[in-house]
Structure formats: structure tokens, C-alpha cells
Amino acid sequence: MITAFPFGTLPDGTSATRYRLQAAPDAYADILDYGATVQGLVLPDRNGRPVDIVLGYDTLEGYVSGDCYFGATVGRCANRIGNAAFTIDGKTYSLDANDGRNHLHGGLEGFDRRMFRAEIAGDTLRLSLVSPDGDQGYPGRLSLTVEYSFDERRVLTVRFRGETDKDTVVNLTNHSYFDLSGGQAPMEQVLWLRADRFCENDENTLPTGKLLPVQGTPFDFTTEKPLSRDLNAKDPLLLSCNGYDHNFDLGGGGTLQPAARLSSGVTGIAMTLSTDMPGVQLYTGNFVHGTGKGGREYRSHDAVCLEPQFFPNAMAVADFEKPILRAGETYDRTIVYAFHTEA
């Protein structure tokens, strides 16, 4: 069941709406048409108490003025594009440089700051957007839909679909910050990743193009461990960005399969993330700040992001799969979050 509630008004007078996807009496997801954003995700802990497991804001103004991308759909291209430019078939396109000299999460006015048109189709919330040719520097008119569904098995599915009239770059993801502990012990969450290689970053958190083995490093999550275990290790790749902010190689995309598992011993809530994307960005909220839902003061390392996507800066690295959507083709990618509670 999906119900709608007013969620404030933008400075231009446009009204925003929060849509509640009720999976069960004690489990629901709140989705905004502003930014196609996951504003809330509530599940019962092992004792039946409700826990909101994602960071965010209580008001629309928080999302308008905030800069952490809480729960948002980010694009056209998630993560970083080096030197804020890319080349397709010999033609170079210049983008917003909103992260030093680099382009981040679609630019100054990325999809996280757009109003989507909402349609309820049974138990699916369909949010659509048209990004015009030249938007933030990207070529082509992109027609995009983001579909959310949350079923009785407590499985939240996010499906991205898009079409363009010119060859362009498209790399979409959801930027939810997960704290399955409900604010009690965010970095004690236990993580497993299906990845035996990760991207080496430069000093600007931009992949150099080298894929390094995780074995014997703080980046090895092939055996599950608490995020805190190696978070403060004296590793230059961690020190340079105050924690994890690295892309992990999932061994190729195209097939929906488990990529990560996250759990909290405090609440008993566990999540399995599946995707058909080739990589997943692990970000431990290294620069999170501000006042969030319920007046909680957010601080560094208060949550973790697991963002399925094409590799960062893929357009500039010869061996990385390119996130190019050709005119006439369809972009179709999926993220699935399956939740359960452990004793």
C-alpha cells in the first residue's frame, strides 16, 4: 500500500510529497518526489521496536540546503569524473567542477535537487524526470524513471530506466546512509563485500586506474568484519579521505547478484544488497554533519553508504567499463535491499 503526505514547499512554490510504501504493519519506506529520495526506512529490531535505519532530514528545507546527498538518486553520473570532462567518439564535453577540479554526483544541480513526477502503479512508486540536452554539460535529452517497491518480504527494490536521443553518460545510484544500529553503534555494523579488488585512489579520492587486491589490507571484507576494525588503520589510502571512500570491483555487472551484507548486533537488523552494477562504493560518512531527523546531530562515521555503480572516472580509464548510454538504447539497472531480523 502506498499513501501520500505533504512534505513542504520549495522556494519557487512547488509542493513536495512524501510517499509511504507500507511493506508490513511494522515496516515501511518513505520516498520523496524531491530527488527521488529515500527519506525514511523503518524496520523492527529483534525486540519489535521500530528503527529508522537511514539518515536524513525531517523537513524539505534540510534537503534543499544540505550537501550530504542523504538518500538521494544521484546522476546523471554518480561519483567523480576527473577534470570535469569526458569524451565520446572524439568529442569532449565539459561539466560542472563541483568537487575541486572534478565533477561529483551530476553537478551543482544534479538529480538530487530535482522534482520528479510521481505516479502510483499498484504497489510501485514510479518517479520520472526529463533532463534536457546540455543539462550540467551532459549531451542528450535523457528521459528517466526511478521505480521503488517494498514488499511483504521486506525487500526494497530500486529500478532505474532511461533513454536518450544522443550518446551520453549515465551512471545512477541511490545514496542512502545506513545505520542499522539506530544511532547506537554505526561503525560496529558488520560488513561483507563480494569483492577481492578495489580501486586505488589519488589524493583527490579519484581512482588512479589501478585495481589492488584486498587480501592482507584494511580493504578486505571478503570475511565479514565490523567497519571499525580497520577504519583507523595507518593506511595512506584511508588517511587521505578520513576513512573508506573507495570503489570495490564486483567482477562485472549485468546480472543481479548479492554484492554486500550489512548487519547490526545491537538491533539484529541485517541487510543484503544485490545489484547488476559492476562496482560498489563504500563510504563511511567521513564528512557527515548537520542536524538530522529527530534532532540527531550527525557526525563523521555515523553511517555507511553502499552505492552500486560504474567505476568512478571510468570514462578516463581505458580498462574500466564505460557508462555510455547510446541513443536508442535503454539504461536499465537495479538495486535490491533485502532485510531481516536476527535473534
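## Two cavities inside

Let's start with the second largest cavity: its lining has seven nonpolar, two polar and no charged residues. (Ala, Val, Leu, Ile, Met, Phe, Trp, Tyr, Cys and Pro count as nonpolar, Asp, Glu, Lys and Arg as charged, and the others, Gly among them, as polar.) The residues around this space are C77, I81, V169, N171, F311, N313, A314, M315 and P323, and the space itself is about 40 Å³. This is a predicted model, where local features need pLDDT of at least 70 and side-chain atom pairs count only at pLDDT 80 or more, while totals for chains, interfaces and linings use all residues. Residues are numbered from 1 along each chain as its sequence is written, and side-chain values use heavy atoms, with hydrogens and water left out.

What counts as a cavity or a pocket? On a 1 Å grid over the protein atoms alone, a cavity is a set of points where a 1.4 Å probe fits but cannot get out, and a pocket is an open set with protein on both sides within 12 Å along at least five of seven lines; lining residues have an atom within 4 Å of a point. Grid points are joined across faces, edges and corners, and a volume is the space filled by probe spheres set on the points. Searching the whole structure turns up two cavities of 30 Å³ or more.

Now for the open spaces. The largest pocket has a volume of about 560 Å³. It is lined by 27 residues, and D67, Y69, R80, L104 and H105 are the closest to its centre.

Of its 17 lining residues, V51, D52, G182, G183 and R296 sit closest to the centre. Strand β5 (residues 50-52) gives the most to this lining, three residues. (Helices, H or I and at least four residues, and strands, E and at least two, are DSSP runs numbered from the N terminus.)

## A nine-strand sheet

Nine strands make an open, antiparallel sheet, in the order β11-β12-β13-β14-β30-β24-β23-β18-β21. β11 (117-121) and β21 (225-226) are at the edges with a single partner strand each, so one side of each has no neighbour in the sheet. Two strands pair if DSSP finds at least two bridges between them; β24 (residues 269-275) and β30 (residues 330-341) are joined by seven. Here L273 stands opposite Y337 in β30.

## The nonpolar cores

A nonpolar core is a set of buried Ala, Val, Leu, Ile, Met, Phe, Trp, Tyr and Cys residues joined through side-chain atoms within 4.5 Å. Buried means under 20% relative accessible area, exposed over 50%, partly exposed in between (1.4 Å probe, protein chains only). The largest core has 64 residues, and I53, Y148, F150, F178, F248, L282 and F339 touch the most other members. Strand β13 (residues 142-150) supplies the largest share, five residues. There is also a second, separate core of 17 residues, including L55, Y57, L60 and F70.

## A look at A72

Is A72 buried or exposed? A72 is buried, at 3% relative accessible area, in the loop between α1 (60-65) and β6 (73-74). Leaving out residues up to four places away in sequence, A72 touches G35, A36, T37, D112, T173, N174 and H175 (contact means heavy atoms within 4.5 Å).
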